[in-house]
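Take a look at it first, and then we'll walk through a metal site, some charged pairs and a sheet.

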Amino acid sequence: MNFGKVAVLLGGKSAEREVSLKSGGMVLNALRSRGVDALPFDPAERGLDALIGERFERAFIALHGRFGEDGTVQGVLEWLGIPYTGSGVLASALAMDKLRTKLLWHAEGLPTPPYAVLTKDSDLRAVARKLGVPLMVKPASEGSSIGMSKVRSAARLDEAYALAVNYDRVVIAEKFIDGTELTAGILGDQVLPLIKIETPRDFYDYEAKYIADDTRYIVPCGLSAGRERDMQALCLKAFRAVGCRGWGRVDLMLNRQGRPFVLEVNTVPGMTDHSLVPKAARAVGMSYEDLCLRILEAAHVG
Ligand SMILES: Nc1ncnc2c1ncn2[C@@H]1O[C@H](COP(=O)(O)OP(=O)(O)O)[C@@H](O)[C@H]1O
Ligand SMILES: [Mg+2]
C-alpha cells in the first residue's frame, strides 16, 4: 500500500512527552524500514497546520496523554482532512477521561471498580467507609500512573487527593481490586493475547512501567483458553462502548474470585520496545514493523 508522505506525530506537550518520543521514534524507524516515506513531526515545536504546507498525506499518532491522545489533535486532523491512526475525536476524548469512561461502562453493564469522585469538600472518611480500603486515588485524565496512589487508610486519603489534584481538577477514588492484572491489545477487530503483569511494587506504577527491571510480563497469561476468550470479548465490548477504533489497549483486573473489572482504555498505548501491544503482537507472530503498518493502514478521517 502506498501511504504517501506520512507524519509520525511524537513528543507533544503532555506529561508523557518522553515516552511519546520513544514510541514515535521506534514507529518512525519501523515504517521507514518498510519503505514508507515517514518523517517525525513534534506538535510542541510546530503548529499542526504545517502538515498541509508540507504536503503530508497521513498521520501516525504516537502522542500519549493530553494534546494528542485526547481528541484535540484528532480534531485538528479531521479539520485539515488528513487521515490519522486510531480512535476519532469523541472516543479519544472520552477514553482520556476515566470518570466518563466508567459512566459509559456502567450504562452498558460492563464491570468496572466501584468509585467516588473526590473534591476538596469531600468527606474522605465517608468515602473510605463506603468503598472500603485499600483505594486507588487517580486524576481522571492522566496516564502512565502519574499522580496515582494506593491508599491503605482513610487518614492517607488527603495526601493522595492533594497529589492527584495537581494533574487534574477531577480526581477519583476507586476500590482497589486485589488480584491479577491483565491488559488486552486491540488491533482492528482482533484482540491480541492477554498479557499478565506482575510487579513486586504496590501496583503497576511509573517506576514499574518504565524503570524497574523486575516487572514481569507473562504471555500466555495463564487463564484457560475459554476464560481468556471471555476476557478478550469483554475488553472488545469495553473498547467499543467508548466508540474506539483502529487500535488501542484495555487494562483490567481480576479479583481473587476471578471476577473481572475493567480499569481504562488507552487509545494511543505505548509503542516502545518494552511496550505491551508490541509484546502481544509478537505473541501471535506479528513483527513490530507489521504492527505499525497494520495501524497505519486503518488511518481514517470521519
Ligand atoms: N482499582 C484498581 N485496583 C487495583 N489496581 C489498580 C486500580 N486502578 C489502577 N490500578 C493499578 O494502577 C495502574 C494504573 O492505573 P490505570 O487506571 O490503568 O491508569 P493509567 O492511565 O495511569 O495507566 C494499573 O495498571 C494497576 O496496576
Ligand atoms: Mg493503565
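A metal donor here is an N, O or S atom within 2.8 Å of the metal (3.2 Å for Na, K and Ca), and water is not among the atoms, so sites may look incomplete. This is a predicted model, where local features need pLDDT of at least 70, side-chain atom pairs count only at pLDDT 80 or more, and totals for chains, interfaces and linings use all residues. Residues are numbered from 1 along each chain as its sequence is written, chains are lettered from A and ligands numbered from 1 in the order in which they are written, and side-chain values use heavy atoms, with hydrogens and water left out.

On to the metal. Asp251 (OD) and Glu264 (OE) coordinate the magnesium ion (ligand 2) at 1.9 to 2.1 Å. Asp251 sits in strand β12 (residues 247-255) and Glu264 in strand β13 (residues 260-266), 13 residues apart. Helices (H or I, at least four residues) and strands (E, at least two) are DSSP runs, numbered from the N terminus. Asp251 is buried at 7% relative accessible area, and Glu264 is buried too, at 12%. Buried means under 20%, exposed over 50%, and partly exposed in between, using a 1.4 Å probe and protein chains only.

Now the charged pairs. A salt bridge puts a side-chain nitrogen of Lys or Arg within 4 Å of a carboxyl oxygen of Asp or Glu, and the count comes to 16. Three of them are listed here:

| Glu174 | Lys102 | 2.9 Å |

Glu174 belongs to strand β7 (residues 171-175) and Lys102 to helix α5 (residues 98-107), so their bridge ties together parts 72 residues apart in sequence. Both Glu174 and Lys102 are buried. Lys138 joins Lys102 and Glu174 in a network of salt bridges. By contrast, Arg256 is exposed at 62% relative accessible area, while Asp178 is partly exposed at 42%.

Last, the sheet. Four strands make an open sheet in the order β4-β7-β5-β6, with antiparallel pairing; two strands pair if DSSP finds at least two bridges between them. The edges are β4 (115-118) and β6 (149-151), each pairing on one side only. Strand β5 (residues 135-139) and β6 pair over three bridges, and Met136 has Lys150 in β6 as its bridge partner.
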